[in-house]
Amino acid sequence: MSTPQAKPKSTRQAFGEMLAEVGGKYPKVVVCEADLSKSTKSELFAKKFPERFFQIGIAEANMIGTGAGLALSGFVPFICSFGCFVTGRYDQVRMSVAYARAGVRIIGTHAGIGIGDDGHSQMGLEDLSLMRELPTMMVFQPCDELETRQLIEWLASDVEAIKQPAYVRLTRQNLAPVHGADYKFKPGKLDVLKRGSKVALLGSGSGVQECVGAYDILKAKGLEVTLVNVPTIKPFDHDGVLALARDHKFMVTVEDHYTTGGLGSAVAEALADGGTSGVKLVRLGVQDTFGESGEQPELYEKFGFSAAKVAEKILQTVG
Amino acid sequence: MPNTPNVEDLRKQAQKIRISIVEMLTEARSGHPGGSLSTAEIVTALYFSEMRHDPKRPHWEERDRFVISKGHGVPTVYAAMAYSGYFPLEELKTLRKTGSRLQGHPDPARVPGIEASTGSLGQGLSIAQGMALAARMSPKPWHTYCLLGDGELQEGQVWEAAMSAPNFKLGGLTAIIDLNGGQIDGPVSEVMNVEPLADKWRAFNWEVTVVNGHDFNELLPALKRARAADLHKGKPHMIIANTVKGKGVSFMEHKIGWHGVAPTKDECAKAVEEIRSKLV
């Protein structure tokens, strides 16, 4: 399962390619789509396995229920749409999927302001928050091609995991490889990329890219931080966060999501529940405001979590 | 398992279920008698005549699936399941009590044999559609049934599934509307009219049959015809069952007030006496 990660790739593209592969390995994998197969990349599966691909049309609620029925009948459905649209049908996810403990894989692409041009209406900005709230729901956000591939195979095949609902948040934009070919995704665990001191810098999804950039900027200025990728938002690695809190004075989270409800909140909760004191937490991401049209790098700059902004914020904080 | 249906036996079974409904709601001191009593014959026809199921093996792969989309009507299903042998009749008294498996609305994780979690209205037909699609990919397919309320048809998602099931040519799917005419805030026709229903479902390309939902001589042939549809190329069937809200208990019949109020002990005794008189 070690595919070389030569070039940057969007996690939706990595998902689509892997979905078409796992379709061949696991006959119970089926896919539902709501008229966005070219965007979510589920079309790659549809071309290979048309008899296991169900085009539901522009009807996400109906797709969610259909997915629940398939899962409750022993199949492993991946249901695909933009994150905002599929989690926007919250009651269907809450009732038909989560409460039924139906092992539906909800794929939400077009995460955050990173989608750029289309503007706020198509941006999934509260999806992690919504999904994290539901009992039994697992929530993931991979940061590069290799991690996406491993996550998708695990969700398609792990005998325990397939019984549980899961939400996977994917990007429209390309992400550079973060991991080497020997990487092994561990569900529910933090992924420490670099060991440093003083500051633990945690990113999830596209946020990891900005953290990597910030790491380089800071290193050039003589500050080596600890760099952490967080692929699992739920179940959250509380112990991992508390271990980081013991070794660092500052913790910084970076995500293309509202700073409430997602990674930043999960870290804040872990710190508070752990009775941690003496650690300052800075949560970077989209504040309590709407997204807007634009170019992704410019938007990350404007909303304050580009690599340069993250580095700047850390230098200000550390003083 | 499928029985040879004897209409007289089924009629009696439906009355026993009615007694259980009234007794368990009285014990629970809450619940929905009107829309539970109206489905007694429909649910009896499914559990005691039409559906292939085995209470000893609730997760048997080849079993027919039944989704009660109008989740508040689940007491009828609990009673039918208890009489079928899924769990002791005695357990019906635990309905809605702390620690009971018998939740106020269905929960498949708690009760083997319950197929889906419903109660937020409008979602069951989509779930049933997923099950019917699954049947088609399974070596030993099953038939999928879905029971909808008439007020529930005001939910938009029902019409998403109404559109998609015929597109998938889901001959293995049968939906039934409990057309009892009432919802919490009043008559369905006044709250938000859903008629003309037969025309609507036919326009969406369903095979529609209108029956008296309390008459097994009409229900059974309609269910058999629906079951005979081609799994891969057939039309899904819609059985519109004309029913009476609160059926079988004269002081509850046609009364909107009995949508979501439990009977008192005295009312229960009176109701049970009336139903029993029809059993002999």
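**Figure 1. Overall view of chain A.** Of the 319 residues in chain A, 58% are buried, a residue being called buried if 20 or more other C-beta atoms, placed from the backbone, lie within 10 Å of its own. The model is a predicted one, in which local features need pLDDT of at least 70 and side-chain atom pairs count only at pLDDT 80 or more, while totals for chains, interfaces and linings use all residues. Residues are numbered from 1 along each chain as its sequence is written, and chains are lettered from A and ligands numbered from 1 in the order in which they are written. Chain A holds 13 helices and 14 strands, helices (H or I, at least four residues) and strands (E, at least two) being DSSP runs numbered from the N terminus. Along the principal axes, the C-alpha atoms of chain A fill a box of roughly 60 × 40 × 40 Å.

**Figure 2. The side of chain B that touches chain A.** Here 20 residues of chain B are in contact with 23 residues of chain A, two residues being in contact if their C-beta atoms, placed from the backbone, lie within 7 Å. Helix 5 (124-136) and helix 6 (156-167) of chain B each supply at least two residues of this side, and helix 5 of chain B gives the most, with 8 residues. By class, the side of chain B that touches chain A has 9 nonpolar, 8 polar and 3 charged residues, where Ala, Val, Leu, Ile, Met, Phe, Trp, Tyr, Cys and Pro count as nonpolar, Asp, Glu, Lys and Arg as charged, and the others, Gly among them, as polar.

**Figure 3. Helix 1 and helix 3 of chain B.** Helix 1 (residues 7-28) and helix 3 (residues 40-50) of chain B pack at an angle of about 120°, with their axes 9 Å apart; axes are lines fitted to C-alpha atoms over the stretch in contact, and angles run from 0 to 180 degrees between N-to-C directions. From helix 1 of chain B, Leu10(B), Gln13(B), Ala14(B), Ile17(B) and Arg18(B) meet Ala40(B), Glu41(B), Thr44(B), Ala45(B), Phe48(B) and Ser49(B) in helix 3 of chain B. The residues of this contact divide into 6 nonpolar, 3 polar and 2 charged.

**Figure 4. The surroundings of Met81(B).** Met81(B) is found in helix 4 (residues 74-84) of chain B, and Met81(B) counts as buried because there are 25 C-beta neighbours inside 10 Å. Leaving aside residues up to four places away in sequence, Met81(B) touches Tyr86(B), Phe87(B) and Gly113(B). Met81(B) and Ile114(B), which are 33 residues apart in sequence, are 9.0 Å apart in space, C-alpha to C-alpha.

Conventions. Buried ≥ 20, exposed ≤ 12 C-beta atoms within 10 Å, placed from the backbone.
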